[in-house]
Amino acid sequence: MNTSKISYKKPLLETPFHERTSEHCYANDWYRWAGYKVAKEYSSTELEYTSMRNTAGVIDITPMHKYDIKGEDAKKFINKLITKDITNIQSNQVAYGIWCNEDGMVIDDGTIFCFNENHFRIFCAERNLNWFSDTATGFNASVEDISPSIAALAFQGPLSCKILNLLKVENIENLKPFHFNNYNIENHNVTISRTGFSGDLGYEIWCDPSQAIDVWDSLFKFNRDYKVLAAGMNALEMVRIEAGFIQPNVDFMSAEQALRPNRMRNPYELGLGWLVNLDKEYFTGKQALIRHKEKGPEKKLVGLDIEGDKPAVGSVLYDNSKKNQAKEIGIVTAAMWSPVLKSNIAIGFVSKEHYKLGSNVYAEIYHPEELDYRKIWAECKVVKKQFFNNPRRNETPAFT
Amino acid sequence: MKKFDVIIIGGGHNGLVASSYLSKKGKKVLVIEKNENVGGLAEYAESLNCISPIIKKELGINVNNINHSNNIISLEDNQNHTILSDKNGKLSFVQTNADENDQKKFLSIINNYKLFSKTLGAFMFQKPPRVKSGKRADLFQLISMGWKIRKLGKKNMRELLRVIGLNIADDLEDNLNSNNLMGLLSHEAVLGTNLGPRSPGSILTLLYKQAINDNIFNLNKIEVAEYINQLEDCCNKNTVEIIKSSEVKKILTQNNSVTGVQLTNGEVFESKYVMSNADPKTTYLNLLGAEILDTDFIRRTKNFRNKGNVAKLELALENEININNIDKKMNGKFIYAPGIKYIEHAFNANKYNKYSENPCLEFYVNQKTLSANVYYVPYLINTNHKENEIIERCVSVLSKFIPDMKIVKQKLITPNKMEEKFNITGGHWHHGDLEIDQLLMMRPFYGSAQYSTPINGLYLCGAGTHPGGGVTGINGLNAAKKVIEDLK
Amino acid sequence: MNKTKYDVAIIGGGHNGLTTACYLAKAGLKVIVVERHEYVGGAAVSRELHPGWTYSNCSYVCSLLRPEIFRDLELSKHGLQIIPYEGSASMLNDGRFYAHYQDHDLTYRSIAQFSKKDAEAYDRFGKDVMRQCKIIKPLLKMTPPDPTSFKPKDIMGLFEFAKYFAAKDELGGLGEKEIYDTIRFWTMSVRDYLEEYFESDIVKVHLAGSAIIGTALGPYSPGSAYVLLHHYMGEVDGTVGAWGYSRGGMGSITKAMASSLKSNNGEIKAGSPVSQILIKNNKSYGLVLENGDEIYADKIVSNLDVKRTFLKVVEEKELPSDFYKAVKNFKIRGSSGKLNIALDDLPIWKSIPVGDPAGTGDLHITQNIEEMEGAYDDWKDGKWSQFPYVDMCIPSINDPTMAPQGKHYMSVFIQYVPYNLANGGWTEEKRLEFGKHVMNRIGNYSTNFNDIINHAEIRTPKEIEAEVGLTEGNIFQGELTMDQLMFNRPVPGYAQYKTPIKNLYMCGSSTHPGGGVMGAPGVNAAREILKDLKMKISTHYI
């Protein structure tokens with residue numbers, strides 16, 4: 001990143017895939033992600049989404065932040081940083097974790113790759129260099145931002161393994177979920193992990209920026225028979241909601257960035273209590289989290305199955321089927337019509353009295369209809385956030 | 001492996017007070033001191049005006065006053081020195097160049113400050129309340145603090161609320177003309193702080209000093225060494241175990257609770273309660289280890305400002321020391337800080353991590369020896385001052401007043417050396433700057449105030465806590481009381 | 001002799017005097033503003049001091065003007081428009097430049113050239129400062145309660161104040177930590193504050209500039225972080241901390257206010273210096289002009305600074321001695337100078353390319369905080385800074401009304417310049433030498449600057465005092481230090497826009513919340529006056 005000269009005429013950086021993404025991006029509709037230009041929509045969000053659910057989609061995820069943690073205490077450092085215990089992590093394993101501040105409020109989440117005891121790599125959505133560096137105080141562990149030196153693609157969908165097989169990526173079908181290894185795609189050394197946001201079979205491919213174009217081209221090599229599409233951020237947003245993944249600064253404010261203290265959220269509120277291991281000797285936020293757990297969350301991020309077919313984007317949630325008697329009890333953070341489930345789904349915060357699975361709450365939906373809004377009072381059922389979870393996701397050997 | 005009710009790291013005066021108090025309450029206490037002698041930084045304290053009545057009462061300590069030095073002599077280049085004498089806290093001019101009006105105003109300023117200090121003094125001896133803790137006791141204490149300030153009456157309260165954020169130079173220049181008198185009070189305000197006379201907050205440090213010492217000039221009325229001896233005796237009497245020449249390497253913890261300490265020689269002592277007389281940075285980053293502290297807390301620890309800037313100079317001369325134009329019998333505290341501008345210039349160097357070419361001095365003379373506090377000599381990171389140069393600068397100042405100085409022995413103890421000897425990060429007299437953001441409930445910082453720490457059973461009792469530095473023992477006493485409270 | 005009797009007479013047509021006048025006139029009172037000069041505006045003026053060029057010759061950029069005042073007084077209708085900055089930059093001696101842009105990602109990359117950590121920390125810093133801005137915003141609108149008073153309104157005021165911080169949901173739920181952060185921000189030195197976030201010299205010094213502009217504090221002085229806040233709490237269209245140009249110069253603001261005043265039947269009497277306030281039985285009832293004319297009014301409001309008001313136009317015998325002494329000891333120090341430069345061409349910087357938006361906002365050349373503090377050290381000794389901090393901008397790039405076509409106007413604000421120069425005081429030669437010194441400094445960073453200077457107006461605090469009437473040329477009408485803020489401003493016990501003289505009020509920047517072209521003191525004073533008349537102020541402001 002530092003090598004490129006800064007010009008006000010080009011405020012955004014281009015990823016190593018830009019030559020290809022710009023070619024595919026017929027809609028010329030771009031999105032800002034961590035200072036990079038990535039496609040929001042290539043041609044049709046619906047088709048891009050469908051590719052991930054039906055064949056395979058390719059998403060440029062290069063802008064993800066990547067930090068290398070190296071040194072004798074690398075593992076101890078990770079264990080201090082995140083809320084879950086990774087003492088037993090093995091080489092080539094990936095852990096999903098969150099990290100909190102001293103008040104037990106979530107800063108960010110990420111995937112943590114273990115190369116060996118002394119070398120980990122963290123992939124996350126927000127910038128965390130200062131937090132990691134300050135956390136490393138007292139450890140023999142170095143923190144380095146290596147973001148610009150790795151190009152990354154998410155390759156998600158039922159045919160993803162099949163296509164990698166066709167590309168003669170040896171033994172890829174035996175790569176277990178939340179594991180990674182080094183592979184070879186048409187003479188290019190790449191790292192492939194079985195991770196992703198889609199809730200289905202999928203991989204993430206990490207390579208040197210110089211090989212980025214070749215790797216991209218390889219994935220499209222069998223396009224005539226197995227239709228692979230470049231998928232944009234809009235499509236990614238759809239699959240991640242269906243899969244029940246949450247995103248900092250979309251579903252909740254990162255504790256490092258929230259202006260108003262009461263906008264910060266603890267893991268129990270986000271439904272991520274399973275990622276907190278209070279038996280672990282020490283990690284940042286532990287004492288606060290003990291108190292949060294005892295108290296129980298005041299509100300909780302849940303899945304909502306909403307009647308009708310009008311997406312409840314930005315809706316306020318209420319407690320009563322009768323509008324005139326209703327009290328506000330929450331808010332929707334993300335909503336969509338799910339094509340694969342044929343359901344009207346959403347993720348939202350619901351207060352204590354109503355977040356139990358199966359409860360009914362009500363959303364006031366402002367639905368645009370030919371320059372006018374129709375106000376819909378829709379019943380919502382509180383369900384698990386994970387709306388879509390295909391068994392393929394966890395099967396090894398992988399579906400081919 | 002020996003077990004104790006409470007282990008105290010560091011036998012500074014606060015550590016000794018805490019240990020005496022705890023053992024009087026029937027606790028089995030161990031004090032671990034790095035050096036051969038207890039007392040810590042008090043070794044370098046030039047003067048002690050009084051022992052807090054609370055300490056006297058709680059520990060039954062009584063130290064006799066020594067009488068020889070209740071004069072304050074402010075030296076002037078033109079040898080027209082000002083001499084003030086202090087009789088039981090009552091000041092009067094023995095000689096001065098300042099006109100009568102100035103003399104009167106000078107004394108009235110001091111009286112005013114005394115009045116404000118008295119109000120502040122009420123907060124000094126208590127555990128500071130927390131803001132918005134949700135606890136009734138804290139709220140009550142806050143309200144009672146407010147009430148005490150209100151009780152000053154309209155006029156005085158207004159003046160207090162104004163001068164609390166003011167700088168000493170402005171207040172003096174508004175009222176006085178004499179450079180010498182202004183220098184004298186400015187000296188007392190800035191000595192041991194990271195402030196110059198023109199830095200806002202420099203009146204507050206003076207009020208603080210008065211509140212703690214019960215005298216703005218902090219005269220040498222009590223032998224510090226004698227006080228420390230008494231404290232040590234008090235410990236011994238109460239069967240406190242003191243081990244000297246032993247350095248703590250690590251505070252041991254398990255599940256966020258203290259279990260004991262380990263010495264550099266590997267020896268381990270067990271206890272559920274450990275008090276650290278060390279400064280906050282040393283305690284948290286070295287003894288405890290950042291690994292078990294929350295990241296936000298580490299940030300605050302690192303941000304604690306603790307750059308010391310006073311050096312101690314000890315000189316032995318060939319002949320008995322006579323000061324120009326001062327009667328031989330007239331002993332007392334000598335101050336060389338001739339005017340606001342001089343001090344401010346000395347302070348300028350400090351900002352850029354340089355020693356003052358023209359330093360300010362406060363010194364005592366005892367026949368052939370002289371010992372002085374020299375400022376500003378800032379603490380340096382990764383390097384050290386050329387000590388001989390500093391001594392030379394001091395001697396050139398002193399030789400204005402002491403004819404024919406033939407130095408037999410000289411020794412300069414810079415903040416860096418104090419750091420080394422006492423493990424005080426930054427070599428700061430008060431373990432950390434005395435500025436509003438590091439006082440009261442914010443001392444040393446959020447999450448560590450009120451003597452407790454994020455670790456169960458670990459307490460701070462050094463000058464890094466409220467009410468800060470000075471040989472008061474209040475920090476140790478308050479911390480010990482807190483331990484007793486928690487032991488219940 | 002003017003026999004008309006007014007409801008209110010306001011001494012001084014600065015932006016605060018005009019603001020007070022507008023609100024009072026809007027409430028239906030008969031108002032007159034008496035101004036010394038032939039033009040109104042005080043320190044917010046646009047003047048053609050060199051043919052063809054319009055100088056914003058004192059204040060030069062706008063951010064603090066409360067949008068509620070803009071709206072209440074319909075200033076847009078009266079011709080006012082604010083143009084936001086496109087960026088800002090500090091030029092380095094090594095030929096690089098450090099810049100902030102409107103584009104967040106671009107700013108990140110610009111900072112990351114110097115430090116990746118700082119680029120990231122900038123967001124956290126921005127968030128923390130923004131939180132402080134939100135906390136202070138309601139306080140600006142408040143008449144400070146007197147903590148020593150037992151009057152119900154003061155006790156209620158203090159209670160409201162405490163409630164505000166104690167409230168559970170106010171400001172997103174301030175906790176203990178956030179309250180301490182506020183105390184820290186209000187009392188720390190800007191250098192210590194910035195050290196907690198940043199490691200790179202240029203980042204720190206670029207941000208620290210806001211903390212020293214106009215004050216007799218250095219970046220190492222405790223309390224300077226508050227001054228930074230004072231400069232950040234303004235806004236341009238909701239972007240807190242943003243600055244902008246007033247189209248047509250700063251005079252457009254006061255011109256629009258004057259026009260708004262006239263549309264509400266307020267009068268302005270220009271060219272009429274006031275020599276005395278008429279007081280009888282501790283009550284003011286009118287003004288005497290220098291030409292001997294008298295103007296009578298029920299209420300007199302002074303837009304002059306507190307020293308000028310009570311040491312120049314009110315006689316000492318009318319004042320309680322404590323008050324008189326407090327006014328005499330009020331700290332109002334000249335520390336700033338100003339150059340207004342007419343340029344024959346656009347200056348070309350060695351580091352910033354032409355067209356880069358960073359070059360169109362405020363520009364600086366100080367390299368690190370030590371250099372900035374050194375500039376303050378010089379001032380303390382009664383010298384102008386050898387390496388002064390300059391805040392330069394070229395409004396004519398965005399505003400064609402300021403200079404002839406193809407030519408430019410550059411405003412250079414200089415910190416520090418003493419009011420009393422050591423070694424003999426200011427002379428004409430020394431003033432010119434000072435100007436030359438600053439221009440030479442700037443010239444080092446440009447390839448053509450020295451050759452394109454058509455005219456330069458050089459102002460030391462003496463000139464600012466002489467023209468605007470600000471005592472010692474202090475731009476804030478009094479230092480913004482803890483001893484002179486809130487209920488201490490200007491004088492403890494008289495922080496509620498009232499004075500020891502009945503019917504005499506203050507509305508200038510000497511009062512809470514202080515200086516800058518903000519207008520808040522003006523509205524607050526108007527509200528207090530109307531309250532005393534048992535009338536209500538009509539505003540979006542409360």
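Guide: In this predicted model, helix α3 (residues 100-124) of chain B packs against helix α6 (residues 168-175) of chain B at an angle of about 140°, with the axes 10 Å apart. Residues are numbered from 1 along each chain as its sequence is written, and chains are lettered from A. Local features need pLDDT of at least 70, side-chain atom pairs count only at pLDDT 80 or more, and totals for chains, interfaces and linings use all residues.

Visitor: Why are α3(B) and α6(B) called oblique to each other?

Guide: Under 35 degrees counts as roughly parallel, over 145 as roughly antiparallel, 65 to 115 as roughly perpendicular and the rest as oblique. The angle is about 140°, and α3(B) and α6(B) are therefore oblique.

Visitor: Which residues make the contact between α3(B) and α6(B)?

Guide: B:D102, B:K105, B:I109 and B:Y113 of α3(B) meet B:I168, B:D171, B:L172 and B:N175 of α6(B); contact means heavy atoms within 4.5 Å.

Visitor: What are the domains of chain B?

Guide: The domain assignment gives domain 1 (2-64 + 222-305 + 424-487), domain 2 (99-218) and domain 3 (310-422). The C-alpha centres of domain 1 and domain 3 of chain B lie 30 Å apart.

Visitor: What area is buried between domain 1 and domain 3 of chain B?

Guide: About 1,400 Å², with 54% from carbon and sulfur atoms; buried area is the accessible area (1.4 Å probe) that two parts lose on being put together, summed over both. In domain 1 of chain B, B:Y44, B:E46 and B:W429 lose the most area to domain 3, together 45% of what that side buries.

Key: Heavy atoms only, no water. Axes fitted to C-alpha atoms, helices over the stretch in contact; angles between N-to-C directions. Helix = DSSP H or I, 4+ residues; strand = E, 2+ residues; numbered from the N terminus. Domains from an automatic or database assignment.
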